[in-house]
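Please look over the sequence and the structure shown here before reading on.

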Amino acid sequence: MTADNGAAAAGLTPAAGTGVIHDLGYQHYDGPRLGRAAIIRALYWHSLRSAFGIGRGAKAKIVPILALGLMCLPAIANAVAVATSPDHARIVDYDTYTYALRTLVMLIFVAAQAPELVSRDLRSHVLPLYYSRPLRRLDYPLAKYAAFTVACLLLVEIPLIILYLGTIVSVGGGSAVWHQTQALIPGLGVAALWAVLLAAIGLFLASLTGRRAYATGIIAIYFFLTWILATILINIASQGGGLGPPGPPGAQLNASLGARLPGLISPFTVLDGVRQWLGGTNPGPIPNPGGAGVAYGLMFVLLLAVSLGGLAARYRKVGAS
């Protein structure tokens, strides 16, 4: 029964052009009105949970769980080796940490999880709902980037903590523990560089399309092809045209400039070049950059700036549409 029919049944005739408002008993909200900061925190926390599939079905948790498990395997193997070895020597380095495994796992994790954070919102066109609140244009990508950086950071640094704990349990004396702590700190710094750069590149590439499968393909192809191309060119230059493995560390120090520069092609080899430029002495997948180290530092900054700038420009455009 409409409001006008109800009034007519009661013998009342509402004035022309007027209606009746009924109080249905909804409770009014009298609590505090949370503003922009609370929205950013909620968006950050939701994105961090989404990066690990928390709050979703079992299928969404497969990649994060497998990635973390694979990353922790070398640390677990090291703990067993240190405990059973007579000299308790560590077999895994903190700063390089099985470079090939870390590269492969991070490639898969970023390609699979970065679209989870941004592509769904783009495809479902819910961004206007976010921006209808007191949220600035750059708050959304900022919260997403912060959350995904922390997710990548957890993935690369939790194994380092396990590696450290598994080592100091077996070594004896405070000096040995302090030596391990001194070696751990640079390793944590290198891992932070990995998280900061890969999260920025992954989110930028994922934001280019609202289709998750396309975004995953774009990220995986970019990372994989540049990694393979850089590795091939480094091997060719290092071996004078051969495709064999790199020479010993001493030979790497005397590598030609042509063998040092191909590492600038891939984000993964750029990260190792920055590690060595900043003082890392353990041999990596590329020759020691030597005087070309500053080029790796500049390339790291350039990749980060382009990715973050592209991400910001993308959401300025989306927010204005």
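The sections below describe pockets, a cavity, one lysine and several salt bridges.

## Basis of the description

This is a predicted model, in which local features need pLDDT of at least 70 and side-chain atom pairs count only at pLDDT 80 or more, while totals for chains, interfaces and linings use all residues. Residues are numbered from 1 along each chain as its sequence is written, and side-chain values use heavy atoms, with hydrogens and water left out.

## The largest pocket

The largest pocket has a volume of about 260 Å³. A pocket is, on a 1 Å grid over the protein atoms alone, an open set of points with protein on both sides within 12 Å along at least five of seven lines, and its lining residues have an atom within 4 Å of a point. The grid points are joined across faces, edges and corners, and a volume is the space filled by probe spheres set on them.

Fifteen residues are not all named here, but the lining numbers 15 residues, and those nearest the centre of the pocket are D95, A183, P186, G279 and G280. Helix 7, which spans residues 174–206, gives the most to this lining, with five residues; helices here are DSSP runs of H or I with at least four residues, numbered from the N terminus. By class, the lining of the largest pocket holds six nonpolar, five polar and four charged residues, where Ala, Val, Leu, Ile, Met, Phe, Trp, Tyr, Cys and Pro count as nonpolar, Asp, Glu, Lys and Arg as charged, and the others, Gly among them, as polar.

## The second largest pocket

The second largest pocket has a volume of about 160 Å³, and the residues that line it include H46, R49, R56, E116, L117, R120, D121 and K144. Helix 2 (36–51) and helix 4 (99–124) each supply at least two residues of this lining, and helix 4 gives the most, with four residues. Sorted by class, the lining of the second largest pocket has six charged, three polar and three nonpolar residues.

## The enclosed cavity

The structure has one cavity of 30 Å³ or more, a cavity being a set of grid points where a 1.4 Å probe fits but cannot get out. The space in the largest cavity is about 40 Å³, and its lining is made up of D95, T96, Y99, R102, V190, W194, L271, D272 and R275. Helix 4, helix 7 and helix 11 (267–277) are the elements that give two or more residues to this lining, and the largest share, three residues, comes from helix 11. The lining of the largest cavity divides into four nonpolar, one polar and four charged residues.

## A buried lysine

K144, one of the residues lining the second largest pocket, lies in helix 6, which covers residues 139–168. With a relative accessible area of 3%, K144 is buried; buried means under 20%, exposed over 50% and partly exposed in between, using a 1.4 Å probe and protein chains only.

The side chain of K144 makes a polar contact of 3.1 Å with the side chain of S47, and it also reaches the backbone oxygen of L117 at 2.8 Å. A polar contact is a pair of N or O atoms within 3.5 Å; within protein, one must be able to donate a hydrogen and the other to accept it, and residues adjacent in sequence count only if both atoms are side-chain atoms. Apart from neighbours within four places in sequence, K144 is in contact (heavy atoms within 4.5 Å) with L43, S47, L117, V118, D121 and L203.

## Salt bridges

The structure holds eight salt bridges, each being a side-chain nitrogen of Lys or Arg within 4 Å of a carboxyl oxygen of Asp or Glu. One of them joins the side chains of R36 and D139 at 2.6 Å, N to O. R36 lies in helix 2 and D139 in helix 6, so this pair ties together parts that are 103 residues apart in sequence. R36 is partly exposed at 33% relative accessible area, whereas D139 is buried at 3%.Another salt bridge joins the side chains of R212 and E116, also at 2.6 Å, N to O. R212 lies in helix 8 (residues 212–238) and E116 in helix 4, so the pair ties together parts that are 96 residues apart in sequence. R212 is partly exposed at 32% relative accessibility, while E116 is buried at 7%. R212 and E116 belong, with R56 and R120, to a network of salt bridges.
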